[in-house]
Amino acid sequence: MGILKTFALGGVHPKENKLSANAAIEVLDPPKQAFIPLGQNLGAPSKPVVARGEEVKTGQLLAEASGFISTPIHSPVSGKVFKIDNILNASGYKQLGIIINVEGDEWMEDIDRSEDIVTNIDYSSEEIIDKIKKAGLVGMGGATFPTYVKLMPPPGTKAEYLIINGVECEPYLTSDHRMMLEKGREIVVGTQLLMKALKVDKAIIGIENNKPDAISHLTELVKNAEGISVQALKVQYPQGGEKQLIKATVNREVPSGKLPISVGCVVQNVGTAFAVYEAVQKNKPLFERVVTVTGKDVKKPSNFLVRIGTPVQQLIDAAEGLPESTAKIINGGPMMGKAISSTEVPIVKGSSGILIMKEEEAHRKTESACIRCSKCTYVCPMGLEPFLLSRVSRVGKFDIAEKEMIMDCIECGSCQYTCPANIPLLDYLRLGKNKTGAIIRSRGKTA
Amino acid sequence: MESIILIAVAALGGVGFVAAVILFFVAKKFKVYEDPVIDIVEEALPAANCGGCGFPGCRAFAEATVNSAKENKNIDGLNCPVGGNDVMQEVGKILGLEVEASAPLIAVVRCNGTPTNHPAKVKFEGATSCTFAHALHGGEGGCQYSCLGLGECVEACDFDAIHMNPETGLPVVNNKCTACNACVIACPRDIIELRKKGPKDRRIFVSCVNAEKGAPAKKNCQTACIGCSKCEKVCKFDAITITSFLAYIDFDNCTLCRKCVEECPTNAIWEVNFKPRKPKVDRPASVVEKGAEKVVSKEKPIPLEISVDKDQPKKENKENNNKENKE
C-alpha cells in the first residue's frame, strides 16, 4: 500500500477506542415527546411556521429559514404541537424550540419509504441544490453549516474537487463508519449528486486506515462510478478537519482566513452525502441521524438511527442504561465534544455521539507550570503556538493573540491532549478566540 | 596637539550653534498650543487612569473638560467617577463653572445564587474565566443568568473594591468602589450594575437578573425574581417596572420605603444598610456590619412567614443567617 497520506503539520494519535464499530445501526422508536430546538444550524435560527395545538406529520415543515445562512426544520415525528417554549440545549442554555407530543408515526405522503436504491440522477444542478436547501440539510460532522451554502461557490471561485469526509478521527465515534458499511451505495449516489450540483468531475472519499472494511467496501462500490476514488489515510487526529483533509487528500493548503473553496475544494461529510441522497432521491428532509452511544462501561455500545428531538436519556436507555461509574456525559467525541449538564437535552442535527465517561477518566489533572517543552507547538495542525496564545489570552493581550493568528485555531484540542503540564490550553485559546473575534467584528462595524 | 583640541571644540561648537538656531525657528514654526488649564485640571484629577469616565486616561478627560468648557460653557455629562463630587467641584472651580452635584454610585451585584439558594447540579472543571465559562455552559446550578463565581470582576477591579466571598461564591463590593464601570464591563452576564449609593449608603435593589418565567426560574434558584409583579403593585412611586418576568427598581423614583422588600415572596429584593425593623414586624432585617467599613451584606434572611415550601435548604439558609447575625 505504500506510505499512507496524511496532513503535513502536527497531529496526535489518541487511543481509538472504537467500541461500537461492530454494532450495526439500530432504528430507535420515536420519542414520546420530541424537543426540537430552533437553532440547529450555524447561523440564524429558524422561524416557526406551526402554531400550538397544530397536528403535524413526520417530515412536515416546522420552521423556515430566516436568512441566507439558515435552514428549515422539519418535524421528526407525527403528533400535536404541545407548545413553543424555551428548551434546554446541550450547553445548558435555554433556547426557543418546538415541543411535540408524539401520536403514531404518520409520514408525509411524498416521502419515498421504499428500500430501493434510486441511482438515476434526473435533476439539474440547480434542482439538486434547491432540494437540499428545502430539506434543511446541514453538515452532519458537527459544525452544522448549511450544506447548500457550500454548494454555491462565491463568484470568482470554482470547485475542482469534492472531498467526502469519512475520516471520523474522533476516538470512540463510529456513526460514520457504520454509515459507510451499511449505506455505502446511498453514499456513492449522494456523492454523485453533490458532484453534479457542484459541476465537478472528481470526488475523493477520504477514510482513515483504521476502517479497512469501510475502505474495501467503498472501493468496490465506486468501481462503476466515474470520477470517484477512495483514499486511505494514515490514522492521525484531527484529519477530519476540513483544512487537514484537503492537505491529506489533494495536497493543497487553505490560506489563513480563507475557505476551502479558495483552493477549489468542497468538503462534505459521509453523513451529509447520505442525507443528500435521501433528500434528493427519496424526498426525505433531514429529521433523523445516526448517533453513537459509547463509553468504556456502557453495557451495549451502539449506533442508533434516531429522530431529531429525541432526549439523550432515551438513547442511554436503549444502550442498556447509565453505568454506575458515570461521571460525565459528553455530546460528541472526547476531543472536541462538550459535557452536557442534563440527559433531558435533545439530539439535534449536529449530534454525532454520546460518550459516557467513568469517574477515573472524567476529571482533569492538576495543572502545573509550563516547562516550555514545545510539544503543543509540535502537534498543532495549524502551525500555531498554543502555549503563547493561551498565555496572552489569559492575561488579556488580545492584540498579540490576533497577530499570532489565534483566529486560525480549529479548536481540535491536540495541544491540551499532549500537554505534560496539564494546562487547559484549549480553554484559554477558545476564550482568546471568542474575545479577539469580538474585537475584530467591532472594528469592522466602526470602520 | 593643542590645535587638534581647538579645532574639535570650534567645530562642535559651530555645529551646536547652527543646530540651536535651526531648532529655535522650527520650534517657533511648529509650536502646538496647549491650554495650560489642561495641566491644572489634570493635577486636580485622581490620576488613576482607570478609564471609568469613558476617556483613555485622566489627561484625555482633562482635555475633554477644558474643550467642553470653552465650547459649551458647561461640563455636563463629564464626570470622574473615581474623584466623585469633590473633584468635579474643584474642576468646576478651576474652569470657573458651576458643576451640579451628582449622586455617588456604587457597583451592585444582582445575583443571590449561593450554594444553598442555587445548588449546583453539575461541576465545571475548566479555565477560571467567566467569559469562557459563559460561552461554554449555562451554569452549574442551571440558571443561565446566574453569577459564575470565577471572579473576572475581581480581576477587572483596580481599586480592591470587589472580592469573592468563598462561602457564597459571589462577589462582594465594599466601600472602596469608585463606580469606574470596569466590573460591569467585565461581567459576561451583566449582573453587576452601577446604582446610586443612596442616603447613608442605604439602597434597595432586585438581586436577580433572571428573565425566565417564574416556574423555571424558581426551579433553579429559590431567590430568583419570578416576575409576580407584587412589588410593582405595592410601589406607590412608580419606581418598579417588570420586563420579561424581571422586576427592576428605578433608583431615581425609589424613596426607600421598603414596602417591596416586605412584599417579595422570594426575597429577591434586597435592602442594604438599613436599621433593623421594629420588632412588631416579625422578621429579622438585613445584616448590618458595623466596623471600619460597611460591607454590603450578601445573605439576606428568609422571612419567617414564607409558606411556599419549607424544605431543607431554606432552613439551612436561615440557620446560616442566624449564625452570621450572631457573629
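Visitor: Which residues in H7(A) do A:Ile128, A:Lys131 and A:Ile132 in H1(A) meet?
Guide: This is a predicted model, and what follows should be read as such. By class, the contact of H1(A) with H7(A) has five nonpolar residues, one charged residue and no polar ones. From H1(A) come A:Ile128, A:Lys131 and A:Ile132, and their partners in H7(A) are A:Val276, A:Ala279 and A:Val280.

Visitor: Are H1(A) and H7(A) roughly parallel or roughly perpendicular to each other?
Guide: Helix H1 (residues 125-134) of chain A packs against H7(A) with the two axes 9 Å apart and at an angle of about 105°. Angles of 65 to 115 degrees count as roughly perpendicular, and the two helices are therefore described as roughly perpendicular.

Visitor: Which strands of chain A does helix H7 (residues 270-281) lie across?
Guide: The sheet in question is open and has four strands, in the order S11-S10-S9-S12 of chain A, with parallel pairing. Helix H7 of chain A runs at about 80° to S12(A), and the strands that it lies across are S9 and S12.

Visitor: Which strands of chain A stand at the edges of that sheet?
Guide: The order of the strands is S11-S10-S9-S12, and from one strand to the next the twist averages 25°. An edge strand has a single partner strand, so one side of it is left without a neighbour in the sheet, and this holds for strand S11 (228-233) and strand S12 (265-269) of chain A.

Visitor: Which residue in S10(A) stands opposite A:Asn165?
Guide: Strand S9 (residues 161-166) of chain A runs parallel to strand S10 (residues 202-208) of chain A, and six bridges join them. In S10(A), the residue opposite A:Asn165 is A:Gly206.

Visitor: Why is helix H3 of chain A described as largely enclosed by the rest of the structure?
Guide: A residue is buried if 20 or more other C-beta atoms lie within 10 Å of its own. In H3(A) the buried residues are A:Ser175, A:Asp176, A:His177, A:Arg178, A:Met179 and A:Met180. The helix, residues 175-182, is therefore largely enclosed, the buried share being six of the eight residues.

Visitor: Which two residues of chain A does a cis peptide bond join?
Guide: Most peptide bonds are trans. The place to look is the loop between S11 and helix H6 (242-250) of chain A, where A:Pro238 is found. Omega is about -5° for the bond, which joins A:Tyr237 and A:Pro238.

Visitor: Does A:Asn422 count as buried or exposed?
Guide: A:Asn422 is in the loop between helix H13 (414-418) and H14 of chain A, and has a positive phi of about 55° although it is not a glycine. The number of C-beta neighbours for A:Asn422 inside 10 Å is 12, so the residue counts as exposed.

Visitor: Which helix of chain A gives the most to the side that touches chain B?
Guide: The contact between the chains takes 15 residues of chain A and 15 residues of chain B. On the side of chain A there are four nonpolar, five polar and six charged residues. With six residues, the helix that gives the most to this side is H14 (residues 425-446) of chain A.

Notes: Residues numbered from 1 in each chain as written. Chains lettered and ligands numbered in written order. Predicted model: local features only at pLDDT ≥ 70, side-chain atom pairs only at ≥ 80, totals over all residues. Contact = placed C-beta atoms within 7 Å. Nonpolar A, V, L, I, M, F, W, Y, C, P; charged D, E, K, R; others polar. Pairing = 2+ DSSP bridges. Axes fitted to C-alpha atoms, helices over the stretch in contact; angles between N-to-C directions. Parallel < 35°, antiparallel > 145°, perpendicular 65-115°, else oblique.
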